[in-house]
Amino acid sequence: MKLTGAQILWESLVREGVTDVFGYPGGAILPAYDAMLDYPIRHVLVRHEQGATHMADGYARASGRVGVAIATSGPGATNMVTGIATAMLDSSPIVCITGQVGSRLIGSDAFQEIDITGITLPITKHNYLVTRADDVARAVREAFVIAKSGRPGPVLIDITKDAQQSSCEFDWDAAAPVVPGWRRVPDATAAAFEEAAALINAAERPVIFVGHGVMISGAMEPIQTLADRAHIPVAMTLLGIGGFPASHPLNIGMMGMHGEAWVNLAIQEADLLIACGMRFDDRVTGNLRTYAPNAKKIHIEIDPSEINKNVAVDVPLVGDLHDVLPRLLPLVAASDRAAWLRRIHDLKGDSAVRDIQSLPDEGHLYAAHVINDLWRATRETETIVVTDVGQHQMWEAQYYHHDVPRSLITSGGLGTMGFAVPAAIGAKRARPEADVWAVVGDGGFQMTMCELATAVQDSIDIKVAIINNGYLGMVRQWQEFFYERRYAATPLSGPDFVKLAEAFGIRGIAVSTRGDVLPAVAAARSHAGPVVIDFRVEQEDTVYPMVPAGADLHAMIRRPNPIVETGADV
Amino acid sequence: MHTFTVYVEDRPGVLNRVASLFRRRGFNIHSLAVGHSETPGVSRMTVVVQTDPGGAQRIKAHLYKLINVVRVEDITEVPSIVRDLALIKVSADAQSRPAILQLAEVFGARVVDVAPASLVIEMAGSEAKIDGLLDVLRPHGVLEMVRTGRVAMARGVGSRSNGAGPAAGPADAEADVSYSV
């Protein structure tokens, strides 16, 4: 069967199970767009190619399937860079397809020619420059294998215009992936398992760490078995939230820079860390020299290059959690660890007093209250929350309690503002049966709010909660703590978000008191179609606790106690 | 210093991927030599990097994450033959020429070009030995020099690029590093 390269592209994508793509057409990708009409593909027309990559990313994280974004050469391709890097840092499987100028023009600085494979080399797992129709099918097949397997990540395929236009014989089977560098992850040795189990059985104060890898691997069940059997408290990284039920009594909460105080203190007191699918990021550890000084470390991780990268590990178990944990479990002895759990319970005591939840609202609308109310209103239904980056993101992690995996989607590693709205659109496409809320600051919202038009045009029903404090809040917080409150370039004005929503043809609601939060959320949920709620919250609110960058994990800035009711919550 | 031999697919851009990895991860390449290996389609690199054993382990793991990398060996501690090749152009007139020729002979180097005012000396050997030759030539005036950087091969039997080919299994995996795509 003779097909054009463009037809082979779609034929291959469809065979890989692709049903949805997010993209923006242009000159060098036109042959592919023309061929797309003949295939069962739902295309979402984005307003900016960065949005396409975040949508593919949101799609992938919500579903576990590979997300696909498509753009033209030159600026179309470079606009994808931020989204590709976001997916790389958070191990999200996406495949990006870009058009390229004709193969004879490569290297000539032709119109809209850019070396996108060169540009994306350090931010993709792998990339391809395809210059012949014969190579399209193999590139697509390999890209999907690479994006999904091991530690997932983004793959880019740059296809020249002539490779899309010319024809060749299409043979799916002959295009089977050839990846000489591919190797199965060898099993950890039996001795390593025994060593790990001995450490666990001997530990008096162990903590299990749940990272993003737990969800990627689908290892929620064995993690829970391990925790239950040995009564080991479980702490989560930001991206690990949802990997262990928030309502489980052994879940002690999030760790790190804005983690719960008792979690960070417990880590510093622990005698064993069992790190599962996480990478000891600096936002998690604080000062490495004083990090968990009494603890042995077991690191269960699929990427060998993460072992001993930041933290020296006593027993590495390299492999897929889903395979490793069932081999470890039979060796782990039951234990109640009552003293350790009591100790953590005591550590919680003073934090409860300092909690923002104990602040009387007295007319103020605190972001934490909004998020906690949003959780109360949506906890009974299948809901995905997609956050942006900043203060609201941390409050979401603290005050929205996630019981199931893939219910929180957030840009952790790269910290990409502007992520929430497009990623929410992608998530909704992947799981239309779920309610999808984008929780976003007024800063990040204004970076990618153009994608509201995408949601309208393609009838994608997302709800947007703007946590509007008129500041670039997290930066303002750093200025408050570390730059003598000199608020350089952080006060931020915005449009009237309700009118803006209406201009997009969707419903807008403004909320400025706590009593109006739940009714607004209810109104948004019962409204068919996208809704924007402008939550006008306290302007100078602060995320507590906070481990200053590079400081010791236990040296947290805590919410002052007793709370001083000044309006500005400091 | 750690010496790695790296087998890679012989494809456009692969050298860039390997070099970029060292740059991106903050490792300084001391020398890098690339050429064909005994297996068609597979190139062999010898990379010398200043790092500690932990860094060497991570370099290996990072290299394996590159899709086009077939096999990596850290041969720092393995009995190996290590060679550098240098071409050295020395200023030499009728008067100084005999002395320089004698030095070359002592070092087992060859003279490959003689011009009225200069000589080109070719020397293959360990880096230290070439450095030694350079030291004694320098007073005569070294006009130009080019060195290949270190190439290395473990002693004993066996070709090591046989990992090439589709989906090489774990049979040839080494115990200390594992691989994933």
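1. Chain A splits into domain 1 (2-175), domain 2 (190-347) and domain 3 (365-536), with bounds taken from an automatic or database domain assignment.

2. Please keep in mind that this is a predicted model, in which local features need pLDDT of at least 70, side-chain atom pairs count only at pLDDT 80 or more, and totals for chains, interfaces and linings use all residues. Residues are numbered from 1 along each chain as its sequence is written, while chains are lettered from A and ligands numbered from 1 in the order in which they are written.

3. Domains 1 and 3 of chain A do touch: 25 residues of domain 1 are in contact with 27 residues of domain 3 (C-beta atoms, placed from the backbone, within 7 Å). On the domain 1 side, two or more residues each come from strand S2 (20-23), strand S3 (42-45), helix H3 (49-63) and helix H5 (81-89) of chain A. Helices (H or I, at least four residues) and strands (E, at least two) are DSSP runs, numbered from the N terminus. H3(A) gives the most to this side, with 11 residues.

4. Now for a sheet: 6 strands of chain A form an open sheet in the order S11-S10-S9-S12-S13-S14, with parallel pairing (two strands pair if DSSP finds at least two bridges between them). Its edge strands are S11 (251-254) and S14 (315-318) of chain A.

5. At one end of that order, strand S13 (residues 296-301) of chain A runs parallel to S14(A), joined by 4 bridges. A:Glu301 is opposite A:Val318 in S14(A).

Conventions: Contact = placed C-beta atoms within 7 Å.
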